[in-house]
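Thanks for coming. I have one chain to go through today, first as a whole and then through two of its elements. Please have the sequence and the model open while I talk.

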Amino acid sequence: MTFTLTPLGTAAPHPQPGRPCSGHLVEAGGAKVWMDAGPGTFAELQRHLHPGELTAIWISHLHSDHWTDLIAAEAGISDGGLGIDRPIPVYAPADAPRRLAGFYGKPDLGPLAEVFAFHALEDGHTVDLDGAQLATHAVVHGIEAYGARITYDGAVLAYTGDSGPCPELGRLARGADVLLAEAYVDRHEGERVHLTPEDAGALAREAGVQTLLVTHVGPSLTPDEATDRAREEFGGHTVRAREGVAYEITKNRAQSAS
């Protein structure tokens, strides 16, 4: 059974041609998890599976570039012929159901509960998904926000979500085989709620990570520039996350599987 990460979107803060916003498909044994649902990622998800095959959806925080394609998914499932047999579990910040219902002008989920079964995240939340352990860690982003650590068959994938430098990221990333890290800002100005490429590289180095995948690069940088800067700071195996490429996660190394 394989453990893979396939980026569905890496752009920020808005989708670009060929680059949706943040979203990733993690497959670990029998588990299939859509992690973050930024605009454009639902279309890319369908290249890989039918939404009814999802084990779960996990949402890091409620900024629009990380979760609003739940609206597209609901439309596809309810009205677009992509029927499902049971509501899809969604692990998300507690306000997500209210926000989603509000988009439709409803006071509660109503029929949307037939599509999504929401579970509120909190720091330390853990869940077993067909043998893959998904642990959620609170991070610093100015709003309720989380990173994730997925363990399967002895290998570990850590995902920063959106976060500024904080001790929580060190605990999240410690010893990970693969760290999927944002590198949104060129430099810090004011409140530190994102990482620079150097922050991402330092985090990977200090946490003893084997492979750093750089994603969620903001408009002041190019993805290649951010990756090069992170690599220089890390000094280890550093790769630009690319849409549609499956990265196989094994103990001590991530390799492209496609």
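**Strand β1 and its surroundings**

Six bridges connect β1 to strand β2, residues 23-28, and the two strands run antiparallel. Before I go further, note that this is a predicted model.

To place that pairing by residue, Leu 5 stands opposite Val 26 in β2. β1 has another partner, strand β14, which covers residues 247-250; they pair in the antiparallel sense over two bridges. There, Thr 4 stands opposite Glu 248 of β14.

How many residues of strand β1 are buried? Seven of the seven, residues 3-9, so β1 is largely enclosed by the rest of the structure. Buried here means under 20% relative accessible area. As a reminder, side chains in a regular strand alternate between the two faces of the sheet.

Now the chain as a whole. There are seven helices and 15 strands. The C-alpha atoms fill a box of roughly 50 × 45 × 35 Å along the principal axes. For 258 residues, a compact globule would have a radius of gyration near 18 Å, and the chain has 17 Å, which agrees.

Of the 258 residues, 56% count as buried. The accessible surface comes to about 10,400 Å², and 49% of that belongs to carbon and sulfur atoms. If you take contacts between residues at least 6 apart in sequence, 60% of them join residues at least 24 apart.

On charge, the chain has 19 positive and 35 negative side chains. The centres of those two sets lie 4 Å apart.

The other element I want to show is helix α6, residues 197-207. Eight of its eleven residues are buried, so α6 is largely enclosed by the rest of the structure. The buried residues are Pro 197, Asp 199, Ala 200, Gly 201, Ala 202, Leu 203, Ala 204 and Ala 207.

Just after α6, Gly 208 takes a positive phi of about 70°.

Key
Residues are numbered from 1 along each chain as its sequence is written. This is a predicted model: local features need pLDDT of at least 70, side-chain atom pairs count only at pLDDT 80 or more; totals for chains, interfaces and linings use all residues. Side-chain values use heavy atoms; hydrogens and water are left out. Helices (H or I, at least four residues) and strands (E, at least two) are DSSP runs, numbered from the N terminus. The radius of gyration is taken over C-alpha atoms; the globule rule is 2.2 Å times the number of residues to the power 0.38. Buried means under 20% relative accessible area, exposed over 50%, partly exposed in between (1.4 Å probe, protein chains only). Contact means heavy atoms within 4.5 Å. Accessible areas come from the Shrake-Rupley method with a 1.4 Å probe; for residues, only the protein chains shown count as cover. Lys and Arg count as positive and Asp and Glu as negative; His and the chain ends are not counted. The place of a charge is taken as NZ of Lys, CZ of Arg, CG of Asp or CD of Glu. Two strands pair if DSSP finds at least two bridges between them.
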